[in-house]
Amino acid sequence: MRQHTFEKLGQSMATMTQPHTGIKNTNHHTPEKSNSHLHDLITESSNEASQGFDTKSALEIARIINHEDSKVAAAVKKALPEIAEVIDSVARSMRDGGRLIYIGAGSSGRIASLDACECPPYFSTSPQTVQYIMAGGPKALASPVEVNEDSEELGQRDIARRRPSRKDVIIGLSASGRTPYVVAAIAYARARGAKTACITCNQNTPLAAAADIAIVADVGPEVISGSTRMKAATAQKMITNMITTGAMTRMGYVYENLMVNVHMQNSKLVERGIGILIRACGISRDKAVEVIKSAGRSVPVALVMLKAGVDKPEAVRRLAHSDGNVRLAIEDSSMEL
């Protein structure tokens with residue numbers, strides 16, 4: 001079934017990934033490489049560093065894995081220009097009321113879900129702002145439903161349900177770069193005007209050809225051949241962290257290096273909010289507590305009140321004017337992304 005699906009995918013990719021008018025495509029891939037066999041992919045190849053892995057002691061196993069993991073950051077570093085481009089695209093999209101939607105299968109889908117689920121508690125975004133689509137649905141987060149990743153039809157159906165538009169950024173995650181479910185979803189979203197990107201760990205793939213922007217973290221062969229839950233997944237986690245943290249920072253939900261858009265919904269977050277005001281404004285704990293209370297338990301409002309020397313109504317007005325960008329609210333200015 002898998003081989004048949006890949007053959008079908010190879011035949012249809014030329015149609016699915018043609019550039020669309022007005023949509024940038026920075027990828028240049030040859031069909032021969034895009035349709036390579038699974039065993040030709042670098043993520044599926046044998047790793048010389050882990051030969052005889054099953055004969056190693058626990059400490060040797062840990063050392064080998066650690067040594068291979070040390071290569072991940074360097075691989076991600078090479079993709080920083082593309083990552084930065086996606087960060088700005090996501091920030092622009094969110095400022096215009098659009099969404100970031102991740103889509104993936106298997107380990108890649110689980111990484112996508114983790115990043116999406118962590119944005120509301122860390123940046124107080126709506127769950128609709130950053131979303132994820134997992135092949136097989138939410139149940140696949142805990143129980144493998146791997147057969148779904150071979151279906152182009154399911155990929156198109158699942159992304160179609162979210163009604164992607166020109167306001168949205170859709171990011172496909174696939175370590176191999178050739179998962180039919182993800183490739184078809186990205187091609188569908190792009191055809192409807194959404195900005196598309198992908199995160200993969202192989203060069204010259206169908207997914208890279210289908211997306212506007214390809215982020216490729218070439219981490220090399222896994223310690224256990226094909227086990228892309230290891231280095232590949234680590235790279236994907238690092239990159240998704242960069243994308244959402246970068247976008248939220250560009251939108252002003254971070255002041256200096258402080259997570260100021262936190263909502264104080266439990267005792268830990270209350271303490272975090274108090275600590276942010278103490279560090280950012282150099283005030284006492286008692287003063288921080290007093291201002292937070294007068295700001296309606298809003299750290300951004302309290303910070304603008306303290307930094308700009310204004311009352312709560314003026315702080316609220318400034319934040320509304322700056323679309324929630326704390327620094328711009330303090331300066332009472334605006335910024336174009």
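T200 stands opposite V216 in strand 5. Strand 5 (residues 213–216) pairs with strand 4 in the parallel sense over 4 bridges; two strands pair if DSSP finds at least two bridges between them. Helices (H or I, at least four residues) and strands (E, at least two) are DSSP runs, numbered from the N terminus. This is a predicted model, in which local features need pLDDT of at least 70 and side-chain atom pairs count only at pLDDT 80 or more, while totals for chains, interfaces and linings use all residues. Residues are numbered from 1 along each chain as its sequence is written, and side-chain values use heavy atoms, with hydrogens and water left out.

Strand 4 also pairs with strand 3 (residues 169–173), in the parallel sense over 5 bridges, and L173 stands opposite I199 in strand 4. Of the 6 residues of strand 4 (residues 195–200), 5 are buried, so this strand is largely enclosed by the rest of the structure. Buried means under 20% relative accessible area, exposed over 50%, partly exposed in between (1.4 Å probe, protein chains only).

I243, L100, Y102 and I171 have the most contacts inside the largest nonpolar core, which has 42 residues. Helix 10 (residues 231–250) gives the most to this core, with 7 residues. Such a core is a set of buried Ala, Val, Leu, Ile, Met, Phe, Trp, Tyr and Cys residues joined through side-chain atoms within 4.5 Å. Apart from it lies another core, of 27 residues, including M264 and L303.
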